[in-house]
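Please find below a colleague's note for someone meeting this structure for the first time. The points go from the whole domain to its sheet, and then to the packing of its side chains.

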Amino acid sequence: MDQKVLLADDSGVMRKIILRALNAAGVTDVIEAADGSQAWASFQSTQFDMVLTDWNMPMMTGLELLKNIRQAGSTIPVIMITTESERGRVIEAIQAGVSDFLPKPFENELLQEKLIKHLSAIAS
């Protein structure tokens, strides 16, 4: 897959785990961001095919990042990789335009399934 992915998570360990799963799925063009603000700056200056973001990050939450992306008119897939599972928060993210959720901790196979599902939709 030659899509470009923005990966936002304040945990360097989690970014490495997700990056490894992305590489295993054939995605090697990945820009990492350590917080939501850095992710938003990268999004504004680079064309991405997908965003993977944590919910709870310093400077700007994943939800705020999602809202900014949608307000900018982008319809690219945004997957929240998060421990947030409270119904009200999930509904808030859906209303903001999230494409999918991946609860932490996750199996690499599940992440790969979601990547293939959303990146394949882009390619077709």
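**Notes on the fold**

1. Over residues 4-119 the chain is 47% helix and 20% strand, with the end C-alpha atoms lying 10 Å apart. The model is a predicted one, and the stretch 4-119 is listed by UniProt, in an unreviewed entry, as "domain: Response regulatory".

2. The sheet is open and is built from 5 strands, which follow the order S2-S1-S3-S4-S5 with parallel pairing. At its edges stand strand S2 (29-33) and strand S5 (100-103), each of which pairs on one side only. From one strand to the next, the twist averages 20°.

3. Within this sheet, strand S3 (residues 50-53) and S4 are joined by 3 bridges in the parallel sense, and valine 51 stands opposite valine 78 in S4. Helix H3 lies across S1, S3 and S4, and runs at about 175° to S4.

4. Which residues have the most contacts inside the largest nonpolar core? They are Leu6, Phe43, Val51, Leu65 and Ile69, in a core of 22 residues. At least two residues of this core come from each of strand S1 (4-8), helix H2 (36-45), helix H3 (62-71), strand S4 (78-82) and helix H4 (87-96), and H3 gives the most, with 4 residues.

5. Leucine 6, taken as an example, touches residues including Ile31, Ala33, Phe43, Phe48 and Val51, when residues up to four places away in sequence are not counted. Leu52 is also touched by leucine 6, yet Leu52 is included, together with Val27, Leu102 and Phe106, in a second, separate core of 18 residues.

Technical notes
Residues numbered from 1 in each chain as written. Predicted model: local features only at pLDDT ≥ 70, side-chain atom pairs only at ≥ 80, totals over all residues. Heavy atoms only, no water. UniProt positions renumbered as here; feature names shortened; annotations may be inferred. Core = buried A, V, L, I, M, F, W, Y, C linked by side-chain atoms within 4.5 Å. Buried < 20%, exposed > 50% of the residue type's maximum accessible area, 1.4 Å probe, protein only. Contact = heavy atoms within 4.5 Å. Pairing = 2+ DSSP bridges. Axes fitted to C-alpha atoms, helices over the stretch in contact; angles between N-to-C directions.
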